[in-house]
Amino acid sequence: MTMGKTMRKATDTTTGKKSKAAVTAAVAVAAAAAAALSAGPAAAYPGGARAAVFVQTDGVDGNAVVAYSRTADGELHQSGVYRTGGLGGVLDGSAVDHLASQGSLTYDRAHGLLYAVNAGSDTVTVFSVRGDKLVRRQIVPSGGDFPVGVAVHGDLVYVLDALGGGSVQGFRNVHGSLVKVPAWHRSLGLDPAATPQFTHTPGQLAFTPDGRALVVTTKAGANTIDVFPVGRSGIAARPVVTATPGAVPFGFTFDARGRLVVTEAGTNSVATFRVGADLRLTKVSEVATGQAATCWIVRDGAHVYASNAGSGTLSGLRVGADGALRAVGTTATGAGTVDADVSSDGRFLYAQTGKEGGVDEFRVNPDGSLTRVGSVVVPDAVGGEGIAAS
């Protein structure tokens with residue numbers, strides 16, 4: 001890495017008519033070139049297809065996605081292993097969380113696609129999803145160094161790259177294929193030499209539910225939450241920046257009213273923020289988990305569950321109609337609790353446990369408490385991150 005002064009101004013690689021022309025040209029060329037894969041018989045979901053959970057191994061000698069079918073009682077059974085065609089990666093200083101990010105495996109339900117990052121190859125793999133089966137259809141350069149997350153809204157797909165100061169790169173989904181739009185690249189301006197890498201690189205990116213903004217957390221790299229306005233020509237050149245001194249904002253989700261719910265690893269807490277019309281954030285509530293390394297978070301209805309990697313636990317909280325948080329209990333998991341996801345019907349929660357490379361299975365009860373169903377060990381997935389449930 002090269003030494004550099006920390007820059008908090010995001011940079012636009014091109015602007016104006018040239019930018020719009022580049023977008024139009026890139027999409028037009030790709031539309032002409034894109035060829036959809038032949039579709040095999042797709043099981044009707046949910047009328048008979050197997051519900052599934054997909055887990056990324058992040059193997060440095062070869063990344064893969066392991067597919068599991070889900071039974072009616074929430075148990076997982078391995079149904080296949082699918083190579084991404086790329087390599088996983090390990091950030092310096094990481095242990096149970098090699099990518100130190102949330103959203104490295106992203107399910108695009110609307111298009112039936114699964115996006116997997118290959119951090120060691122600087123690429124993203126696109127799979128077609130057919131029940132609990134995957135078909136690899138594309139591998140594309142991420143547009144930066146060490147991709148760690150993918151965000152989707154409609155036909156817009158953005159990739160978060162962690163190294164080299166951090167950046168985001170935009171793509172169009174054209175007939176199921178990703179098309180890079182060079183004008184949709186933004187630097188996050190973090191210090192590329194800051195150490196350790198796993199705490200000083202960006203944590204997650206995701207679109208707001210209405211799609212009008214793209215949110216990025218910078219962890220200890222800048223202790224900010226960056227909100228990029230989204231327009232017809234991609235994201236704005238510069239974000240609206242909310243400083244969160246010492247909080248180390250990491251993973252996030254959104255509540256039913258579109259408020260941001262963020263884990264703050266620096267204080268081991270969970271906070272809610274109202275997103276203003278000007279995209280500025282106002283903190284509404286904050287609750288300490290009392291656990292260690294509170295970093296990932298997933299929502300299920302009115303409840304959110306934060307993963308505490310240092311404690312091997314999940315912290316459950318209820319989000320009130322006014323955004324206030326109330327703790328509902330702590331549930332033990334295997335060691336190194338990292339990324340998690342909830343089944344589409346809201347009945348089950350699946351949490352990765354990075355120390356052993358496993359997934360713990362839980363039933364979500366009406367009061368928000370969790371009941372353990374079982375666990376599986378994912379082949380070659382120690383330290384791996386990325387989980388997506390259908």
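Guide: A nonpolar core is a set of buried Ala, Val, Leu, Ile, Met, Phe, Trp, Tyr and Cys residues joined through side-chain atoms within 4.5 Å; buried means under 20% relative accessible area, with a 1.4 Å probe and protein chains only. The structure is a predicted model, in which local features need pLDDT of at least 70, side-chain atom pairs count only at pLDDT 80 or more, and totals for chains, interfaces and linings use all residues. Residues are numbered from 1 along each chain as its sequence is written, and side-chain values use heavy atoms, with hydrogens and water left out.

The largest nonpolar core has 36 residues, and those that touch the most other members are Y115, F146, Y158, L205 and L214. The element that gives the most to this core is strand β9 (residues 156-163), with seven residues; a strand is a DSSP run of E with at least two residues, numbered from the N terminus. Beyond four places in sequence, Y115 is in contact (heavy atoms within 4.5 Å) with residues including L105, V124, V126, V150, V152, V157 and L178. Among the other residues that Y115 touches are S104, T106, D108, T125 and N173. A second, separate core has 14 residues, among them A206, L260, V262 and F273.

The mean pLDDT, the predictor's confidence in each residue from 0 to 100, is 90 for the protein chain, and 87% of its residues reach 70 or more. Over residues 1-47, however, pLDDT stays under 50.

Conventions
Buried means under 20% relative accessible area, exposed over 50%, partly exposed in between (1.4 Å probe, protein chains only). Helices (H or I, at least four residues) and strands (E, at least two) are DSSP runs, numbered from the N terminus.
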